[in-house]
Amino acid sequence: MASIFESGWKYLITNFSDFQLACLGSFFLHESVFFLSGLPFVWIERAGWLSKYKIQAKNNSPAAQDRCIGRLLLYHFGVNLPVMIFSYPVFKYMGMRSSLPLPSWNIILTQIMFYFILEDFIFYWGHRILHTKWLYKHVHSVHHEYATPFGLTSEYAHPAEILFLGFATIFGPAITGPHLITLWLWMVLRVLETVEAHSGYHFPWSPSNFFPLYGGADFHDYHHRLLYTKSGNYSSTFTYMDRIFGTDVGYRKLKALKNSEFEDNYEQKKQ
């Protein structure tokens, strides 16, 4: 298996330059993963499928979904791609490489876990700052135009917010200078995580059902449907930052109330 990966990687580095792979390759990979993972939630919502797993009863109109997609394409080509191009020298300076041999899985997984923890910490504080009155009104309110989120709304935001919170995503790789394949895997996992968190659906197979510290769709959906001053749940991936700083109190109270109502109904059915 390792030799197959190395052969495929050798083909890439032989036929494309570092710049092409790190910038254009990363952009193509991001767009592919983002839209392939996010578009199904648009179709599911429009068709009314799996509605029993939908967190909110309200649906977005097709026009609202189309507007989101149009804006995303504009932001991705107008903001994300230039950021990838202009940040390339920084990553190269910090030691990012694409050459063989590929790093071991121990190194890859250790770095990605570090990126998740660091990103979550930076994102939490940056997100709380965006919920101050002025920044919310002029910047972050764009992201909250969709009180009922769906997968693609994860990256629907004001250009200033894309740069501000995008810093949390690239800071870890920027200071560690990983192999490009590590950077790509981190990007894929981060995109899948944020799409799932904004999906608007809580399935039996959702990661939050298996990983206690993972937030997921149920955790983040609560953030979207409350007023900006009372929302809480500011973390991107995990739940412990909100727990430590008490910004998940409302969410935990609501969960406790729902669990209590479920138990009461269950007991009534037994009688």
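A cavity is a set of grid points where a 1.4 Å probe fits but cannot get out, and its lining residues have an atom within 4 Å of such a point. In this predicted model, the largest cavity is lined by Ala-197, Gly-215, Gly-216, Phe-219, His-220, Ser-235, Ser-236, Thr-237 and Phe-238.

**The enclosed cavity**

- Rolling a probe the size of a water molecule over the atoms shows where empty space is left.
- The count of cavities of 30 Å³ or more comes to one, and the largest cavity has a volume of about 30 Å³.
- Helix α8 supplies the largest share of the lining of this cavity, namely three residues.
- Sorted by class, the cavity lining holds three nonpolar residues, six polar residues and no charged residues.
- Helix α8 spans residues 216-224 and is mostly covered, with nine of its nine residues buried.
- Among the buried residues of α8 are Asp-218, Asp-221, Tyr-222 and His-224.

**The largest pocket**

- The largest pocket has a volume of about 900 Å³.
- Its lining consists of 39 residues, and those nearest its centre are Asn-80, Glu-155, Ile-162, Gly-166 and Thr-169.
- Two or more lining residues come from each of the helices α2 (18-47), α3 (62-93), α4 (105-130), α6 (159-176) and α7 (180-197).
- By class, the lining of the largest pocket comprises 19 nonpolar, 15 polar and five charged residues.

**The nonpolar cores**

- In soluble globular proteins, nonpolar side chains tend to be buried together.
- The largest nonpolar core has 41 residues, of which Phe-34, Cys-68, Met-96, Leu-152 and Leu-180 touch the most other members.
- The elements giving two or more residues to this core are α2, α3, α4 and α7, and α2 provides the largest share, 10 residues.
- Which residues does Leu-152 touch, if residues up to four places away in sequence are not counted? The contacts of Leu-152 are Phe-34, Phe-35, Gly-38, Leu-39, Val-42, Cys-68, Ile-69 and Leu-72.
- A second, separate core has seven residues, including Leu-118, Phe-123, Val-139 and Ala-168.

**Aromatic rings**

- A pair of aromatic rings is described by the distance of the centres and the angle of the planes.
- The structure contains 23 aromatic pairs.
- One of these pairs is Phe-27 with Phe-77: the ring centres are 5.0 Å apart and the planes stand at 65 degrees, so the pair is edge-to-face. The cut-off for that class is an angle over 60 degrees.
- Because Phe-27 belongs to helix α2 and Phe-77 to helix α3, their pairing ties together parts that are 50 residues apart in sequence.
- Phe-27 has a relative accessible area of 8% and is therefore buried, the limit for that class being under 20%.
- Phe-238 and Tyr-240 form a stacked pair, because their ring centres lie 5.7 Å apart and their planes are at 20 degrees. For stacking, the planes must be under 30 degrees apart.
- Phe-238 counts as buried because its relative accessibility is 12%, whereas Tyr-240, at 24%, counts as partly exposed.
- Phe-238 and Tyr-240 also belong to one aromatic cluster with Phe-114, Tyr-115, Phe-116 and Trp-186.
- Phe-86 is located in helix α3 and, with a relative accessibility of 68%, counts as exposed.
- The C-alpha atoms of Phe-86 and Cys-23 are 9.0 Å apart in space, while the two residues are 63 residues apart in sequence.

**Backbone features**

- Most residues other than glycine have a negative phi, and most peptide bonds are trans.
- Leu-100 and Pro-101 are joined by a cis peptide bond, with omega about 5 degrees; Pro-101 sits in the loop between α3 and α4.
- Leu-50 is not a glycine, yet its phi is positive, at about 55 degrees.
- The loop between α2 and α3 contains Leu-50, which counts as partly exposed because its relative accessibility is 37%.
- Asn-233 likewise has a positive phi, near 50 degrees, in a residue other than glycine.

Definitions and conventions:
Residues numbered from 1 in each chain as written. Predicted model: local features only at pLDDT ≥ 70, side-chain atom pairs only at ≥ 80, totals over all residues. Heavy atoms only, no water. 1 Å grid on protein atoms, 1.4 Å probe; cavity = no way out; pocket = protein on both sides within 12 Å on 5 of 7 lines; lining within 4 Å. Points joined across faces, edges and corners; volume = space filled by probe spheres on them. Helix = DSSP H or I, 4+ residues; strand = E, 2+ residues; numbered from the N terminus. Nonpolar A, V, L, I, M, F, W, Y, C, P; charged D, E, K, R; others polar. Buried < 20%, exposed > 50% of the residue type's maximum accessible area, 1.4 Å probe, protein only. Core = buried A, V, L, I, M, F, W, Y, C linked by side-chain atoms within 4.5 Å. Contact = heavy atoms within 4.5 Å. Phe/Tyr/Trp six-rings, centres within 6.5 Å; stacked < 30°, edge-to-face > 60°.
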